[in-house]
Amino acid sequence: MKYTGLPLSDIQRQKYKRHNYYFNIILFIGLFLGFHWLGPSTIVLYLLSFGILSLKFPDQTSKKKSHLFWVLSILGLVANVFFILMLYRSSLDMNRFLEFALDWWPTPLTPVAVSKGLLFLFLILICLFYLKPRHPGIIARNLKYQVLLIGGFFMILPFYWMLITSFKSYDEALAFPPTWWPGRFQFSNWVEAWNAPKSNTYGDPPIPLTFTRYFSISVSVGLVTTAGVLATSALAAYAFSKMNFFGKGIFFYLIIAMMMVPGQVLLIPNYLTLARLGWLDRYAALIVPWLANVFTIFLMRQFFMTIPDDLWDSAQIDGAGRFRFLWQIMIPLSKPVMITAGIFAFLGNWNSLFWPLIVTTRPEMRTLMVGLQAFNQDAGSEFHLLMAASTFAVLPVVIMFFFLQRFFIQGIARTGIKS
Amino acid sequence: MEAYIYLSPAVCVLAAFWFLPVILSIIISFTNWKGLDTWSTVKWVGLANYKNVLTDGEFQQSLLNTFHYVLFSVPLTMVISLGVAMLLNTRIRGRAFFRTFYFLPFVTTWVAISIVWRYFYHREFGLANHFLHTLGLPRLRWLSEPQGVIAMLLQNIGITIKNPILAGPSLAMFSIILTSIWRMIGYYMIIFLAGLQNIDKSYYEAADIDGANAWVKFRRITLPLLSPITFFILIISMINSFKVFVPMLIMTPNGGPDNTTSTIVFHLYEKGFQGLWLMGHASAVAYILCLILVVITLLQNTIFGRSVHYGG
């Protein structure tokens with residue numbers, strides 16, 4: 001440790017860290033808006049102010065400050081003022097002036113120009129790292145925030161784009177350059193998209209077909225399948241974890257082996273079986289094949305194994321039968337794993353496309369995903385409607401995720417650790 | 001005997017729709033089954049289906065596409081998600097916030113987000129081309145560009161690649177790869193994060209005392225102790241990537257430019273459930289996929305299995 005500063009109190013340190021966080025967010029928003037309004041020249045300003053940010057809020061207050069510190073501080077201050085000024089001025093159509101002033105970004109990207117740009121970035125980085133020992137950790141932390149913010153921006157961008165396009169008019173959705181905020185919010189898109197499948201209806205008498213139908217099929221099939229999977233899996237997992245019977249090892253081995261088989265192998269025979277049974281285009285085709293799931297059985301069995309056998313002994317003394325023990329003791333105890341398994345079963349069913357696509361031919365038996373896929377093919381370039389349909393297809397799951405986030409994340413983390 | 005009663009519901013369904021089809025599928029793959037034929041009308045053709053599949057140019061193309069997809073998406077997804085997990089595993093503000101944002105794409109459905117990304121990559125008014133345009137770069141054809149990405153990159157410095165294997169995935173396929181990376185980062189990040197949090201902090205403290213820098217700590221502590229998780233993710237992400245289908249169906253419904261986004265499962269769908277409904281042919285494709293997965297998993301076990309560090 002080279003720096004010789006006074007140590008900060010904890011409260012001051014907390015304040016610095018908080019400020020650091022907020023300034024990182026502000027800087028990132030500045031980058032985005034600057035890029036949007038002024039073009040690539042912003043990157044220079046961004047890096048400069050990033051350097052300043054790394055210096056402005058150090059962990060330790062240093063009494064002696066180097067000349068470089070002051071040079072960079074003033075440069076950064078000027079850059080920031082200039083930046084804000086230009087943001088203001090760009091709305092007064094000063095774009096050309098600024099591009100002229102800061103036109104370091106080469107429009108035809110030649111190797112010489114690229115290497116010039118890289119040299120410039122390299123110099124800034126050298127400056128930043130030169131100051132590192134004086135202010136430990138700050139640069140790394142700022143970098144961390146910026147990387148996370150930029151990454152997060154790209155994670156959220158498609159969602160934002162989907163939502164905002166769903167309110168645009170047809171012409172605006174096909175405008176280039178695209179607009180980040182619709183000129184006029186056209187809420188009727190949602191209604192139009194919701195009623196769009198109507199045009200595909202045939203049959204006698206024609207059934208009015210909207211996304212209501214697709215949603216009700218998906219929700220009912222999803223709920224029935226989830227309940228069925230949980231019931232069959234709990235029963236089977238109970239037998240595997242708490243009972244001894246002839247062939248237990250073989251049965252369990254077969255189930256584990258089934259996890260290795262890709263689902264695609266099963267598609268054709270299952271399709272033919274259902275066709276022979278006359279189940280195509282019926283609810284049974286969407287539900288019955290998925291009423292048991294080897295993965296869920298395995299997951300529950302692993303959890304049931306951790307419940308001590310003593311409980312069963314004492315339940316027996318109290319006169320409880322096996323089923324009563326499962327229903328009143330085991331299932332309440334394994335609520336987290338039941339919820340996790342339920343979520344995955346429901347999601348898997350809600351999101352599945354291949355199977356519902358091949359077993360449904362009549363439009364009124366489509367699940368939401370098949371309906372959406374068909375709408376995607378019909379709608380062509382009506383992206384404002386497609387985005388509206390995508391938004392309401394995604395919305396239920398996203399809302400569910402926000403309420404049950406804990407179970408999602410625990411469930412996934414558990415699958416990783418248990419392996 | 002009570003146990004069998006508890007087992008029966010699950011076993012009945014599994015027997016009818018999981019165990020039995022595995023065997024039926026093999027038998028069908030040896031017949032000339034088409035559409036809704038019955039057992040009495042089909043003929044035993046031996047290994048003809050397998051021979052046809054393996055010599056079929058379309059299948060070979062889809063095999064190559066799938067390998068390109070796996071080779072590009074799996075390592076990139078793993079590296080990025082490990083990076084994000086490492087960043088989130090430090091003491092920073094807004095951790096839960098970032099974690100939710102990065103995880104969000106995973107909970108959304110493939111169908112809906114594929115539509116969004118199809119719009120994103122649109123040649124004329126997509127956001128991707130808008131970004132390129134802002135940066136002063138030429139616009140790309142994204143989902144309708146059959147040229148390989150490596151070939152396109154090397155073309156800029158004057159090297160031409162003719163070999164389709166070395167040319168890399170077509171830009172259309174690469175766009176889909178980017179989408180799948182975007183979607184899967186959150187999922188593997190959560191698993192990595194759980195693994196990172198399981199590593200005992202005392203190792204790092206000991207390394208600090210010895211004066212190790214961040215890279216050495218990562219290389220000598222984090223990576224070895226994380227290897228079981230990394231191995232697990234490698235296997236499941238490989239298996240899932242080989243079975244990719246939905247984004248291709250939505251973003252490039254006809255197999256993409258020059259068939260460069262048609263994957264194995266896409267080929268299975270086109271042969272088995274479209275056009276001539278060649279069930280025998282499609283079953284053979286499914287079994288070849290199954291075989292590839294088994295071989296890949298075994299290979300990984302023998303190659304990486306030894307360097308996985310359990311316990312400690």
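Guide: Two residues are in contact if their C-beta atoms, placed from the backbone, lie within 7 Å. This is a predicted model, in which local features need pLDDT of at least 70 and side-chain atom pairs count only at pLDDT 80 or more, while totals for chains, interfaces and linings use all residues. Residues are numbered from 1 along each chain as its sequence is written, and chains are lettered from A and ligands numbered from 1 in the order in which they are written.

Visitor: How many residues does the contact take from chain B and from chain A?

Guide: Both chains contribute residues to the contact. The numbers are 75 from chain B and 71 from chain A.

Visitor: Which helix of chain B gives the largest share of the side that touches chain A?

Guide: Helices (H or I, at least four residues) are DSSP runs, numbered from the N terminus. The largest share, 16 residues, comes from residues 2-29 of chain B, namely helix H1.

Visitor: How are H3(B) and H12(B) oriented to each other?

Guide: Axes are lines fitted to C-alpha atoms, for helices over the stretch in contact, and angles run from 0 to 180 degrees between N-to-C directions. Helix H3 (residues 57-88) and helix H12 (residues 264-273) of chain B pack at about 150°, with axes 8 Å apart. Angles over 145 degrees count as roughly antiparallel. H3(B) and H12(B) are therefore roughly antiparallel.

Visitor: Which residues of H12(B) make this contact?

Guide: On H3(B), the residues include B:Glu58 and B:Phe59. On H12(B), they are B:Ile264, B:Phe266 and B:His267.

Visitor: How many helices and strands has chain A?

Guide: Strands (E, at least two residues) are also DSSP runs. The secondary structure of chain A comes to zero strands and 19 helices.

Definitions and conventions: Angles under 35 degrees count as roughly parallel, over 145 as roughly antiparallel, 65 to 115 as roughly perpendicular and the rest as oblique.
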